Amino acid sequence: MINTGGNIISGHKNRDIFYFVLKVAIAGLLIYYLTSKFIILDFSIFAVKNKEFLILGFVLTFLNLYLQYLKWRILCQDYFMIKEKGLVIKSLLTGIAAGIFTPARLGEFLGRGVILKNLPMKEVMMTTVFEKLLNLFWILSIGLILVEVFAVRYFGLDIYLALPITLVTAGGIYFLLKYIQTI
């Protein structure tokens, strides 16, 4: 009788599936325990009058996760030469999961590096900090321009004054981006 290894391989797959199901079950039970013990759920927050806002928020959540994935994938490709999409997704989701349970989401910096074991933790953490600062840069840039639009529309700021301010702001952002690219 010759053993081709089929039983060994299927036994290995069954064990992996069992461990995966066990991990998901333990995580589910832990979440259930923590929410039932420490969090009082108030379902009145879902009783909104305008369902479109709830749907829009739900859709924007997935758009936000996708944009975070794109940014992290670009940074992983540029700095760490990682091309595997699965590894990038695991790193991102591990960081998000670790950030949920820590103050100021500081666990996200460490959590992303857990999956990227062969890289120095310091470099992964600094790249995560850079990504978070990049978010703040865009929020500040777009916010500055929208404040000027808001001032024109609601406070009656003269358009002839607001337009040069907006152009100078946009130009400053553009030249700042060009300067950052040369570094």
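Author: Arg-105 lies in the loop that joins H3 to helix H4 (107-115); helices here are DSSP runs of H or I with at least four residues, and strands are runs of E with at least two, numbered from the N terminus. The model is predicted, so local features need pLDDT of at least 70 and side-chain atom pairs count only at pLDDT 80 or more, while totals for chains, interfaces and linings use all residues. Residues are numbered from 1 along each chain as its sequence is written, and side-chain values use heavy atoms, with hydrogens and water left out.

The backbone of Arg-105 has a positive phi, near 55°, in a residue other than glycine. Most residues other than glycine have a negative phi. Arg-105 counts as partly exposed because its relative accessibility is 39%; buried means under 20% relative accessible area, exposed over 50%, and partly exposed in between, with a 1.4 Å probe and protein chains only.

Gly-107 belongs to helix H4. With 10% relative accessibility, Gly-107 counts as buried. Apart from neighbours within four places in sequence, Gly-107 has contacts with Gly-95, Ala-98, Gly-99 and Thr-102, where contact means heavy atoms within 4.5 Å. The C-alpha atom of Gly-107 is separated by 27 Å from that of Ile-180, 73 residues away along the chain.

The phi of Met-81 is about 55°, although Met-81 is not a glycine. Met-81 counts as exposed because its relative accessibility is 61%.

The axes of H2 and H3 come within 10 Å and cross at roughly 120°; axes are lines fitted to C-alpha atoms, for helices over the stretch in contact, and angles run from 0 to 180 degrees between N-to-C directions. That angle makes H2 oblique to H3, since angles under 35 degrees count as roughly parallel, over 145 as roughly antiparallel, 65 to 115 as roughly perpendicular and the rest as oblique. H2 passes H3 in a right-handed crossing; a crossing is right-handed if the near helix is turned clockwise from the far one by less than a right angle, and left-handed if anticlockwise. From H2, Leu-65, Gln-68, Tyr-69, Trp-72, Arg-73 and Cys-76 meet Lys-85, Val-88, Ile-89, Ser-91, Leu-92 and Ile-96 of H3. By class, this contact of H2 with H3 has eight nonpolar, two polar and two charged residues; Ala, Val, Leu, Ile, Met, Phe, Trp, Tyr, Cys and Pro count as nonpolar, Asp, Glu, Lys and Arg as charged, and the others, Gly among them, as polar.

The largest nonpolar core has twelve residues, among them Tyr-69, Trp-72, Leu-75, Cys-76, Phe-80, Val-88, Leu-92 and Val-124. A nonpolar core is a set of buried Ala, Val, Leu, Ile, Met, Phe, Trp, Tyr and Cys residues joined through side-chain atoms within 4.5 Å. Helix H2 (51-80) and helix H3 (85-100) each supply at least two residues of this core. The largest share, five residues, comes from H2.

H2 also packs against helix H5 (residues 121-155), with axes that come within 11 Å and cross at roughly 135°. That makes H2 oblique to H5, and the crossing is right-handed. On the H2 side the contact includes Trp-72, Leu-75, Tyr-79 and Phe-80, and on the H5 side Val-124, Thr-127, Phe-130 and Glu-131. The residues of this contact divide into six nonpolar, four polar and four charged. Leu-75, leaving aside neighbours within four places in sequence, is in contact with Phe-80, Thr-127, Phe-130 and Glu-131.

H5 in turn packs with helix H6 (residues 159-182) at an angle of about 170°, the axes being 9 Å apart. That makes H5 roughly antiparallel to H6. By class, the contact of H5 with H6 has twelve nonpolar, three polar and one charged residues. Thr-169 is placed in helix H6 and, at 17% relative accessibility, counts as buried. Thr-169 touches Leu-144, Ile-145 and Glu-148, not counting residues up to four places away in sequence.
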